[in-house]
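Reader: Can you walk me through this protein? I'm new to reading structures.

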Amino acid sequence: MHLDLRAQTLLKALVERYIADGQPVGSRALSKISGLELSPATIRNIMADLEEQGYVASPHTSAGRVPTPRGYRIFVDTLLTVQHIDERAVQAGLQVASPQPQKLIANAAQMLSSLTQFAGVVLAPRRESVFQQIEFLRLSEKRVLLVIVSPGGDVQNRILLTDVDYTPAQLQQSANFINQHYSGLSFEDVRGRLQHELRQLRDDMGRLMKAAVEAGSEAMAESEDMVIAGERNLLSVTDLSSNMSSLRAMFDLFEQKTGLMQLLDVSSKASGVQIFIGGESQLVPMDEMSVVTAPYEANGKIVGTLGVIGPTRMAYERVIPIVDITSRLLSNALSNH
């Protein structure tokens with residue numbers, strides 16, 4: 001909906017004041033801070049129109065008004081002036097002695113958290129489902145440990161519950177067969193080939209290999225990591241932790257992670273900074289929460305998303321450039337290694 005210049009100026013002043021001190025903003029305060037030469041009656045009329053259009057709301061206990069999710073949305077989309085952030089401060093935090101991607105990603109989450117005093121989150125790149133080699137280790141009578149080593153040296157373990165008690169020699173033979181014939185392939189490719197090639201092997205060995213391929217495939221699918229730093233910061237944000245149901249919703253978000261992963265996954269398909277405002281975006285589980293995200297790249301290809309989780313009443317003009325700069329610096333760091 002189109003707002004005239006006076007309404008935009010008043011809405012911007014109201015949102016900025018509310019973000020700064022968390023108190024409903026009255027017409028008298030607005031006439032002082034907006035810089036508009038308007039009578040209190042005119043301001044009250046404009047505020048009544050903004051309320052009718054759903055941009056502000058009046059808490060029952062106060063004569064002032066607060067922004068709604070819709071008010072925050074028009075503020076961040078059209079009224080916001082982003083701050084200048086010194087890139088060097090962010091860059092210094094990302095520089096690490098060992099330039100391993102995992103370390104860079106953990107540092108990026110930490111940086112986002114410490115610069116904003118909210119929670120920083122990074123969805124790490126999906127690992128390829130290709131394996132370099134596997135090993136089987138007998139744990140007990142019908143329990144076998146599957147060890148998967150990726151081309152980059154990452155190691156994952158899965159426990160297989162088997163019908164047969166395999167001897168160490170059988171396990172070694174099976175691992176040798178898979179490593180010799182399929183090393184460097186994805187588990188999906190191996191699954192297809194096994195259908196044809198297992199007839200020459202004994203049935204129980206074939207069953208073990210099929211179980212290994214299924215477990216390996218699952219392990220790789222689940223290996224998308226999410227790094228979260230600074231969740232505890234959100235406990236000191238009154239808007240998010242003021243009552244038990246808010247606290248529960250917040251901890252559910254961090255514990256289950258699936259909703260957060262879905263949100264970060266959605267934002268990886270868009271370019272630039274995205275802002276998800278609670279009460280407006282179904283992906284954010286709490287009305288009082290916002291998530292500011294941006295995708296990051298490695299060698300020109302989007303590989304993940306990072307962002308800041310905080311209250312809807314956050315200093316967007318500062319958080320947005322921090323997220324933007326961090327995504328660019330992380331992209332550069334990952335592309336150079």
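Author: We'll go through the cores, the ring pairs and a surface patch. Keep in mind that this is a predicted model.

Reader: Okay. How many residues does the largest nonpolar core have?

Author: It has 78 residues. Among those with the most contacts inside it are Leu234, Phe254 and Tyr316. Helix H13 (residues 316-335) gives the largest share, ten residues.

Reader: And what lies apart from it?

Author: Another core, of 24 residues. Ile134 and Met205 are among them.

Reader: Back to Leu234. What does Leu234 touch?

Author: Leaving out residues up to four places away in sequence, its contacts include Phe118, Met250, Phe254 and Ile309.

Reader: New topic. How many aromatic pairs are there?

Author: Three. Take Tyr72 and Tyr316: their ring centres are 6.0 Å apart and the planes sit at 55°, so this pair is tilted. Tyr72 is in helix H4 and Tyr316 in helix H13, 244 residues apart.

Reader: Is Tyr72 buried or exposed?

Author: Buried, with a relative accessible area of 3%. Tyr316 is buried too, at 0%.

Reader: What about Phe131 and Phe187?

Author: They are stacked, because their planes are at 20° and stacked means under 30 degrees. The centres are 4.6 Å apart.

Reader: Which residues make the nonpolar surface patch?

Author: Leu139, Ile159 and Leu161, with about 300 Å². Ile159 is in strand E6 (residues 155-161).

Key
Residues numbered from 1 in each chain as written. Predicted model: local features only at pLDDT ≥ 70, side-chain atom pairs only at ≥ 80, totals over all residues. Heavy atoms only, no water. Patch = residues over 30% accessible without salt bridge, like charges linked within 9 Å, V, L, I, M, F, W, Y side chains within 5 Å. Areas by Shrake-Rupley, 256 points an atom, 1.4 Å probe, with all protein chains shown as cover. Salt bridge = Lys/Arg side-chain N within 4 Å of Asp/Glu carboxyl O. Helix = DSSP H or I, 4+ residues; strand = E, 2+ residues; numbered from the N terminus. Core = buried A, V, L, I, M, F, W, Y, C linked by side-chain atoms within 4.5 Å. Buried < 20%, exposed > 50% of the residue type's maximum accessible area, 1.4 Å probe, protein only. Contact = heavy atoms within 4.5 Å. Phe/Tyr/Trp six-rings, centres within 6.5 Å; stacked < 30°, edge-to-face > 60°.
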